[in-house]
Amino acid sequence: MNFFAVGGEDEQGNPGRLVVLDMPGYGHKSRAEWGQEIMKYLVGRKQLVRAFVLIDSMHGVKRSDESLLQALRESAISHQVVLSKVDRILFPKSRNPTQQMLQRNATTLQQAAQSIRDGLASMDVAGPEPLGEILACSTAASLERGKWLGINNLRWAVLAATGLNETRKRPMLIDAESGRDVALEAMPEATECR
């Protein structure tokens, strides 16, 4: 598990108000015991506000994703789904994404998100469903240097979940005129916690 204190640490080394935890223990090349340990950790965290579950946009909800989502619902852990690697749908096999490609393939991405939403709604599990909209992001493609697709919206969702968004304005998903992801104000740097 990797912990990141957003905004750094105080003088005593305590993390700031927001700690992001990266848990690369389920999914590809995972072990069953990792999933058990992850759930033990998540269930025992009183400070946990929301889990963000990344789902590969090209593969949809896999069995490992389904198991995790089921466990989150059964444990009443607040969670939100994030489609990752959406560049593979929006800009297939392209090293130079364009606005035209985005417009041409946006419907395919919307259909993939709807299919996942339908699958999540049909799960026969007691407990709360995923929160809010399905977010979509990519760190492999950008229409503008340094502005990754959907990353600002993911940042916003994290801030909103923690209540740290009160002084910020909500960004649009895609700017209607330029088609670009709308940038938030400068975000605080993340510091890895040890």
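The structure is a predicted model. The secondary structure of the protein chain comprises five helices and eight strands, arranged along the sequence as β-β-α-β-α-β-α-α-β-β-β-α-β. Of the 194 residues in the protein chain, 35% are buried. Among contacts in the protein chain with a separation of 6 or more, 61% are between residues 24 or more positions apart.

**The sheet**

- Three strands form an open sheet in the order β3-β4-β5, and their pairing is parallel.
- The edges of this sheet are β3 and β5 (135-136), each of which pairs on one side only.
- The helix α2 packs on the sheet, where it touches β3 and β4; the direction of α2 makes about 160° with that of β3.
- Strands β3 and β4 run parallel and are joined by six bridges, with A51 standing opposite H79 in β4.
- Strands β4 and β5 also pair in the parallel sense, over two bridges; V82 has L135 in β5 as its bridge partner.

**Strand β4 and Q80**

- Strand β4 is mostly covered, six of its six residues being buried.
- Both faces of β4 are covered: H79, V81 and L83 are buried on one side, and Q80, V82 and S84 are buried on the other.
- Q80 lies in β4, which spans residues 79-84.
- Q80 has a relative accessible area of 4% and therefore counts as buried, the cut-off being under 20%.
- The side chain of Q80 makes a polar contact with the side chain of R50 at 3.0 Å.
- Not counting residues up to four places away in sequence, Q80 touches R50, A51, F52, V53, L131, G132, E133, L135 and A157.

**Nonpolar cores**

- The largest nonpolar core has 30 residues, of which L72 and L83 touch the most other members.
- Two or more residues of this core come from each of α1 (32-43), β3 (51-56), α2 (63-74), β4, α3 (87-90) and α4 (99-121).
- Helix α4 supplies the largest share of this core, seven residues.
- With neighbours within four places in sequence left aside, L72 is in contact with M39, L42, A51, V53, I77 and H79.
- A second, separate core has six residues, including V82, L135, I151 and A157.

**Helix α5**

- Helix α5 covers residues 151-162, and its twelve residues should span 16 Å at 1.5 Å a residue.
- Helix α5 is mostly covered, with nine of its twelve residues buried.
- The buried residues in α5 are I151, N152, N153, L154, W156, A157, V158, L159 and A161.
- The buried residues of α5 pack against β2 (18-22), β3, β4, β5 and β7 (147-148).
- Contacts of Q80 include A157, one of the buried residues of α5 and a member of the second core.
- Just after α5, G163 adopts a positive phi of about 80°.

Key. Residues are numbered from 1 along each chain as its sequence is written. This is a predicted model: local features need pLDDT of at least 70, side-chain atom pairs count only at pLDDT 80 or more; totals for chains, interfaces and linings use all residues. Side-chain values use heavy atoms; hydrogens and water are left out. Helices (H or I, at least four residues) and strands (E, at least two) are DSSP runs, numbered from the N terminus. Buried means under 20% relative accessible area, exposed over 50%, partly exposed in between (1.4 Å probe, protein chains only). A polar contact is a pair of N or O atoms within 3.5 Å; within protein, one must be able to donate a hydrogen and the other to accept it, and residues adjacent in sequence count only if both atoms are side-chain atoms. Contact means heavy atoms within 4.5 Å. A nonpolar core is a set of buried Ala, Val, Leu, Ile, Met, Phe, Trp, Tyr and Cys residues joined through side-chain atoms within 4.5 Å. Two strands pair if DSSP finds at least two bridges between them. Axes are lines fitted to C-alpha atoms, for helices over the stretch in contact, and angles run from 0 to 180 degrees between N-to-C directions. The expected span of a helix is 1.5 Å times one less than its number of residues.
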